[in-house]
Amino acid sequence: IGQPGGDELASGSFRARLLARESSGAESTVGSLLRAEPIDGTLIVGADHVRVVGRGGGETILPIQSIAYVAPRRD
């Protein structure tokens with residue numbers, strides 16, 4: 001039995017990279033085609049979406065296909 005997402009992680013897909021960032025627990029800055037401003041927070045990756053949870057507990061849900069970039073949190 002492999003780890004969840006193991007085959008996908010080996011493929012190097014964008015979702016696999018999101019899962020790796022989620023498992024690190026690091027805060028990220030997420031740019032989306034749906035928003036003018038990037039969003040900062042930790043990632044929770046679903047099958048076809050990402051929840052970005054901010055420091056204050058607010059959540060933004062984005063379809064994976066709308067994500068333009070993910071980077072280490074900007075300060």
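Let me begin with accessibility: a residue is called buried under 20% relative accessible area, exposed over 50%, and partly exposed in between, with a 1.4 Å probe and protein chains only. By that scale Glu27, at 23% relative accessibility, counts as partly exposed.

The model I am presenting is predicted: local features need pLDDT of at least 70, side-chain atom pairs count only at pLDDT 80 or more, and totals for chains, interfaces and linings use all residues. Residues are numbered from 1 along each chain as its sequence is written, and side-chain values use heavy atoms, with hydrogens and water left out.

First, confidence. The pLDDT, which is the predictor's confidence in each residue from 0 to 100, averages 88 over the protein, and 85% of the residues score at least 70. Helices (H or I, at least four residues) and strands (E, at least two) are DSSP runs, numbered from the N terminus. Where pLDDT is low, the predicted coordinates should not be read in detail.

I turn to the sheet. Two strands are taken to pair if DSSP finds at least two bridges between them. The sheet is open, with 5 strands in the order E4-E3-E2-E1-E5 and antiparallel pairing. E4 and E5 stand at the edges with a single partner strand each, so one side of each has no neighbour in the sheet. From one strand to the next, the twist averages 45°; axes are lines fitted to C-alpha atoms, for helices over the stretch in contact, and angles run from 0 to 180 degrees between N-to-C directions. The antiparallel strands E1 and E5 are joined by 5 bridges, and Thr29 has Ala71 in E5 as its bridge partner.

Contact here means heavy atoms within 4.5 Å. Helix H2 lies across E1, E2, E3 and E5, and runs at about 105° to E2.

What makes up the interior? A nonpolar core is a set of buried Ala, Val, Leu, Ile, Met, Phe, Trp, Tyr and Cys residues joined through side-chain atoms within 4.5 Å. The largest one has 11 residues, including Leu18, Val30, Ile39, Val52 and Ile67. H2, E2 and E3 each supply at least two of its residues, and E2 gives the most, with 3. Val45 is one of the core residues; apart from residues up to four places away in sequence, Val45 touches Arg15, Leu18, Leu19, Glu22 and Val50.

Next, the charged pairs. A salt bridge is a side-chain nitrogen of Lys or Arg within 4 Å of a carboxyl oxygen of Asp or Glu, and the whole structure holds 4 of them. In one, the closest N and O atoms of Arg55 and Glu27 are 2.8 Å apart. Arg55 sits in the loop between E3 and strand E4 (59-63), and Glu27 in the loop between H2 and E1, so the pair ties together parts 28 residues apart in sequence. Arg55 is exposed, at 60% relative accessible area.

Another salt bridge joins Arg74 and Asp40, at 3.0 Å from N to O. Arg74 is in the segment after strand E5 (67-72) and Asp40 in strand E2, so this pair links parts 34 residues apart in sequence. Asp40 is buried, at 19%, whereas Arg74 is partly exposed, at 39%.

Pro38 counts as buried, because its relative accessibility is 18%. Beyond its neighbours within four places in sequence, its contacts are Thr29, Val30, Gly31, Tyr69 and Arg74.
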